[in-house]
Amino acid sequence: MPELKRLHATHAPAVLAFELANRTYFAASVSDRGDDYFHQFTDRYNALLAEQEAGACACYVLVAEDGSVLGRFNLVNIEHRTAELGYRVAQHVAGRGVATAAVRELCRLAAQRHGLRTVRAATAHDNTASHRVLTKAGFVPIGPADRADLGGKSGTWYQCDLAFLP
């Protein structure tokens, strides 16, 4: 059974393998991270862990029984009991409810562990899978997303009021 775990230094090799294995798949729906991301992975990963330690973000990985990463789920720009959600799942588990279940669990953790009241997420109009995940996880559309937030694509902001989650 996959488990949502707080990002840790020991996850670095599995996270890198996940990003590399799914790079082309991710680039079909979100902006590619670029070669520099992979060349500077260790420095970027360590900086992310430092941001997490400082409370600016809360990052999680969905880990399979074999230790491989099936997805990444991040709460970023945490302030005033609100955060923005970003996530991605491996191609081989997409469409199986994995993302929806992990987003629901992350929202529960956001309220219980991180004291958040609201989580927002932006998704491009052409990313129908993400729209479906957010809706099934209890998010509602709240307005248009700035193209700068979505790599130049038009989209929608969604919001989840954590007080009303089951």
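1. Start with two residues: Glu 19 and Arg 72 are both buried. Keep in mind that this is a predicted model.

2. Glu 19 belongs to helix H1 (residues 12-21) and Arg 72 to strand S3, so their contact ties together parts that are 53 residues apart in sequence.

3. Now widen the view a bit. Glu 19 and Arg 72 are linked with Arg 33 and Arg 88 in a network of salt bridges. The total count of salt bridges comes to 7.

4. Next, find Arg 23, which has a salt bridge to Asp 35, with 2.9 Å between the closest N and O atoms. Asp 35 lies in helix H3 (residues 35-39) and Arg 23 in helix H2, so this pair ties together parts that are 12 residues apart in sequence. Arg 23 also meets Asp 32 in a salt bridge, at 2.7 Å from N to O.

5. Finally, check out the largest pocket, which holds about 1,600 Å³ of space. Its lining has 49 residues, and those nearest the centre are Val 30, Arg 33, Gly 86, Tyr 87 and Arg 88. Sorted by class, the lining has 25 nonpolar, 12 polar and 12 charged residues. Elements that each supply at least two lining residues include helix H4 (41-54), strand S4 (82-89) and helix H5 (98-112).

Key: Residues are numbered from 1 along each chain as its sequence is written. This is a predicted model: local features need pLDDT of at least 70, side-chain atom pairs count only at pLDDT 80 or more; totals for chains, interfaces and linings use all residues. Side-chain values use heavy atoms; hydrogens and water are left out. On a 1 Å grid over the protein atoms alone, a cavity is a set of points where a 1.4 Å probe fits but cannot get out, and a pocket is an open set with protein on both sides within 12 Å along at least five of seven lines; lining residues have an atom within 4 Å of a point. Grid points are joined across faces, edges and corners, and a volume is the space filled by probe spheres set on the points. Helices (H or I, at least four residues) and strands (E, at least two) are DSSP runs, numbered from the N terminus. Ala, Val, Leu, Ile, Met, Phe, Trp, Tyr, Cys and Pro count as nonpolar, Asp, Glu, Lys and Arg as charged, and the others, Gly among them, as polar. A salt bridge is a side-chain nitrogen of Lys or Arg within 4 Å of a carboxyl oxygen of Asp or Glu. Buried means under 20% relative accessible area, exposed over 50%, partly exposed in between (1.4 Å probe, protein chains only).
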